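The following note sets out points for a colleague who is reviewing the model. Each point may be checked against the coordinates.

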Amino acid sequence: MSSSHVLAGRTVLIASSAPQSLTAELEGVGARVLSWPRLDIHAPETFAALDEAIENLFGYDWLIFRNLSAVTFFLARFQGLGHQISDLDSVRVCAVGQEVLQRLEASSVHVDIMPERLSTQSLLDAVENYIGGRDALHGLNFLVPGAGASHTYLPGRLEDAGARADLVTTYQTCSTNDSYRINALLRGGAFDCVIFTNGSEVLELAQLFDVNELGELLREVVVVCANQETTQCAAGFGVTANITVEAFAALALANAILSYLGR
């Protein structure tokens with residue numbers, strides 16, 4: 001095999017917004033390059049499940065917001081149904097991430113806890129510390145607004161502790177066909193490498209799958225970050241970068257991947 005095709009048979013995942021020069025460099029050495037779709041966040045086809053959850057809010061002990069989209073669409077629907085923000089005082093509220101916290105506070109929603117990190121484990125630790133231990137989770141009901149095609153591991157972890165978690169469709173992200181295709185390829189081990197050229201792309205992929213712990217999805221994939229800031233952002237989503245390039249350049253990224261995968 002010639003050096004110009006050293007990545008032949010390898011498949012790389014990048015954002016659709018990534019520089020075209022990066023795709024060209026990777027394809028030039030034989031890699032197959034696929035991109036996840038641009039994030040398009042919009043209202044769900046139906047609010048039926050969300051409306052039911054809102055009208056039965058008294059049945060929940062906790063409300064967990066894992067991203068800004070969940071906050072935006074939930075509060076718009078909540079108030080659109082004639083409810084006041086003060087009606088949320090009956091439930092405990094968890095905000096995952098500083099931006100979510102700030103948006104909730106700006107909307108006058110009280111926040112009881114904010115996990116130190118974005119991971120599911122950090123969220124569970126924060127809740128357990130607040131309520132007095134894992135045993136106290138038994139019998140509690142959690143409402144988690146999110147996207148229609150969620151891949152979060154939170155419900156299973158809560159159910160293991162005897163709690164119940166309802167993931168309610170509050171918004172949708174991009175084309176379901178595109179997101180399902182990328183997810184199927186990830187689950188099937190089709191990708192050898194994923195590249196993040198900035199922190200926004202990390203957030204975008206997490207939102208695409210409505211998950212705060214990308215590390216689970218990418219555990220068999222070589223993760224490449226364009227700089228230290230992106231690496232730190234990825235770590236917040238439970239992702240460990242295998243390769244970090246000190247400054248973004250398409251050629252530098254391609255060469256780093258060549259050295260790592262082509263060895």
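1. Thr170 is buried, with a relative accessible area of 0%. The structure discussed here is a predicted model. Thr170 belongs to strand β7. A polar atom of the Thr170 side chain lies 3.0 Å from the backbone oxygen of Val168. With neighbours within four places in sequence set aside, the contacts of Thr170 are Pro44, Phe47, Leu50, Ala70, Phe73, Phe74, Pro145 and Gly146.

**The sheet and the helices packed on it**

2. In what order do the five strands of the open sheet run? The order is β3-β7-β6-β4-β5, and the pairing is mixed. The edges are taken by β3 (41-42) and β5 (92-95); each has a single partner strand, so one side of each is left without a neighbour in the sheet.

3. The pairing of β4 (residues 62-65) with β5 is parallel and extends over four bridges. Within this pairing, Trp62 has Arg92 of β5 as its bridge partner. Helix α3 (residues 68-80) packs on the sheet and touches β3, β4, β6 (141-147) and β7 (164-173). The direction of α3 makes about 90 degrees with that of β7. Helix α5 (residues 120-131) also packs on the sheet, where it touches β4, β5 and β6. Between the directions of α5 and β4 the angle is about 150 degrees.

**Nonpolar cores**

4. The largest nonpolar core has 44 residues. Which of its residues touch the most other members? They are Trp36, Phe142, Phe196, Leu214 and Leu218. For Leu218, the contacts beyond four places in sequence are Leu186, Val194, Phe196, Val223 and Val239. Another core, of 27 residues, lies apart from the largest one; among its members are Phe65, Phe74, Ala95 and Leu101.

**Salt bridges**

5. The count of salt bridges comes to six. One of them joins Asp192 to Arg10, with the closest N and O atoms 3.5 Å apart. This pair links distant parts of the chain, 182 residues apart: Asp192 is in the loop between α7 (176-187) and β8 (193-196), and Arg10 is in the segment before β1 (11-15). Asp192 counts as partly exposed at 21% relative accessibility, and Arg10 counts as partly exposed at 27%.

6. A salt bridge is also formed by Asp51 and Arg77, whose closest N and O atoms are 2.7 Å apart. Asp51 lies in helix α2 (residues 48-55) and Arg77 in helix α3, so the pair ties together parts that are 26 residues apart in sequence.

7. Arg92, the bridge partner of Trp62 in β5, forms a salt bridge with Asp112; the closest N and O atoms are 3.3 Å apart. Because Arg92 lies in strand β5 and Asp112 in the loop between α4 and α5, the pair ties together parts that are 20 residues apart in sequence. Arg92 is partly exposed, with a relative accessible area of 40%. Asp112 is partly exposed as well, with a relative accessible area of 21%.

8. Ser108 is in the loop between α4 (98-106) and α5. Although Ser108 is not a glycine, its phi is positive, at about 65 degrees. Most residues other than glycine have a negative phi. Is Ser108 buried or exposed? Ser108 is exposed, with a relative accessible area of 57%.

9. Glu204 lies in helix α8 (residues 199-208). The relative accessible area of Glu204 is 17%; because the cut-off for a buried residue is under 20%, Glu204 counts as buried. Which residues does Glu204 contact, its neighbours within four places in sequence left aside? These contacts are Ala15, Trp36, Pro37 and Leu39, and Trp36 is also among the residues that touch the most other members of the largest nonpolar core.

Notes. Residues numbered from 1 in each chain as written. Predicted model: local features only at pLDDT ≥ 70, side-chain atom pairs only at ≥ 80, totals over all residues. Heavy atoms only, no water. Core = buried A, V, L, I, M, F, W, Y, C linked by side-chain atoms within 4.5 Å. Buried < 20%, exposed > 50% of the residue type's maximum accessible area, 1.4 Å probe, protein only. Contact = heavy atoms within 4.5 Å. Pairing = 2+ DSSP bridges. Helix = DSSP H or I, 4+ residues; strand = E, 2+ residues; numbered from the N terminus. Axes fitted to C-alpha atoms, helices over the stretch in contact; angles between N-to-C directions. Polar contact = N/O pair within 3.5 Å; in protein donor to acceptor, adjacent residues only side chain to side chain. Salt bridge = Lys/Arg side-chain N within 4 Å of Asp/Glu carboxyl O.
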